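Try each task before reading its solution.

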Amino acid sequence: MNSLKEIAARLQQSRAVLLTAHIMPDGDSIGSILGLGLPLRKAGYRVTMFSADEVPARYRFLAGAEDIITGSFPQGDYDCIVALDCSDHLRIRPVWERVSEYFLINIDHHPTNQKYGQMNLVDPRAAATGEIVFDLLAKMGLPVDTDTAAALYVAISTDTGSFKYENTTPKTHRVVADLLHAGVKLAEITPRVFDMRTRTAVCALREALASLQFSEDGKIAWITLGSEEMGRCGAKDEDLDGVVNYAKNIEGVEVGILLREKDDGTVKVGLRSRSVDVAKVAESLGGGGHVRAAGCSLEMKLREAEQAVLAAVGREV
C-alpha cells in the first residue's frame, strides 16, 4: 500500500494525467474526478477527465462536468492514469485494456479493492473517495476553491447518504466543514442531487415498487426490473439511484436488493443492509463494495440471478 505522500510525489512528477472512475458513475466517482481534476488543471497539469459512461444528469451542474469525456477511451501520451472510486479492474470495463497500458494509480475507499494499480492508495476508513482526494490535495499543496469544494461535497454527501450512513465519521464532518468554508452553496446542491426527480425516474420507481417481494420471514426484500419495465419508462441506470433503499428501509427488513436486467443480457445487482455484511455476499458473486452497500453483475437470466442472489443473501441473514 502506498501513502498519500508517495501518491502526491508521483502526481507531482507527472505533467499529463488521465482521471477516470468506474462504469455507471455515481456522485463519489464524478465528484472525485472533478475534485482532483480541477485543481490539477489550475496548477498547470494537462488533465484529461474520462468516464466510459455518461455523467448522470443530476451531476452535470458541477463546474467542469462538461469537460468529462465519455464513450471511447481518449488517446493521449499520459504520464499516468488515476482510477478513482473503482474497486477492481472489471469496473473500468470496457476500456481496461487501454488503461492497463499506462502507469496506473488506484485511489479508493472500498474494503474489497483488488489493489490492481502500480500504486494503490486504499483507505476503507474514508467515508468516500472524495475524502481521500481532499487529503491528497492538501498533501500536494493545492488549494480547494469553490468549484472543487462543490465537487468534493457531492462526492462525500452522496456516498454517506447525506451523512446518514455509518461510514460517516468525525473526520468526515471536519472535511465537510472545510468545504463549506470554501464556499459550497447547499441551496444549489441539495435540491439537484437529493430532491429533484425526473418523471422518468418516478415512473421507474413505480415499476420497481410494483415488483417488490419479501422472504417468508420478512428479513429480505427485493425489487426486480426487467428490460420491459425499464423500456416502458424510457429509464436508464441513473433513474434507479436510491431505489434499492425503498426495499431496505422497510420495517423488519435486514437486506434490500435491486436486480436490474440490462440490454447486454447481464443483471446488475445492488445490495443494501442494516446489519448484514453484504460486501461478503457480493464478493461471493464476483462483485464487491462496502459492508452495508455492495453490488455485482451477473451473466444470467433475470430469474436465475434472482435465485442466486437470494440464496447467497439467505446464507448470511
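Predicted model: local features only at pLDDT ≥ 70, side-chain atom pairs only at ≥ 80, totals over all residues.

Residues are numbered from 1 along each chain as its sequence is written, and side-chain values use heavy atoms, with hydrogens and water left out.

**Exercise 1.** Find which cysteines a disulfide joins (a pair of cysteine sulfur atoms within 2.5 Å), and work out its handedness.

*Solution.* 
- Step 1: The structure holds one disulfide, and its partners are C203 and C233, with S to S 2.1 Å.
- Step 2: The S-S torsion of C203 and C233 is about -70°, so this disulfide is left-handed.
- Step 3: C203 sits in helix α8 (residues 199–210) and C233 in helix α9 (residues 227–233), so the bond ties together parts 30 residues apart in sequence. Helices here are DSSP runs of H or I with at least four residues, and strands are runs of E with at least two, numbered from the N terminus.
- Step 4: C203 and C233 are both buried, where buried means under 20% relative accessible area (1.4 Å probe, protein chains only).
- Step 5: For C86, the closest cysteine sulfur is that of C296, 15 Å away and too far for a bond. C86 is buried at 0% relative accessibility, and C296 is buried at 6%.

**Exercise 2.** Decide where the buried residues of α12 lie around its axis.

*Solution.* 
- Step 1: In α12 (residues 302–314), the buried residues are L302, A305, E306, V309, A312 and V313.
- Step 2: Down the axis of α12, these residues fall within an arc of 135° (taken from the directions from the helix axis to the C-beta atoms), so they line one face.

Note on methods:
Expected span 1.5 Å × (residues − 1). Buried < 20%, exposed > 50% of the residue type's maximum accessible area, 1.4 Å probe, protein only. Disulfide = S-S within 2.5 Å.
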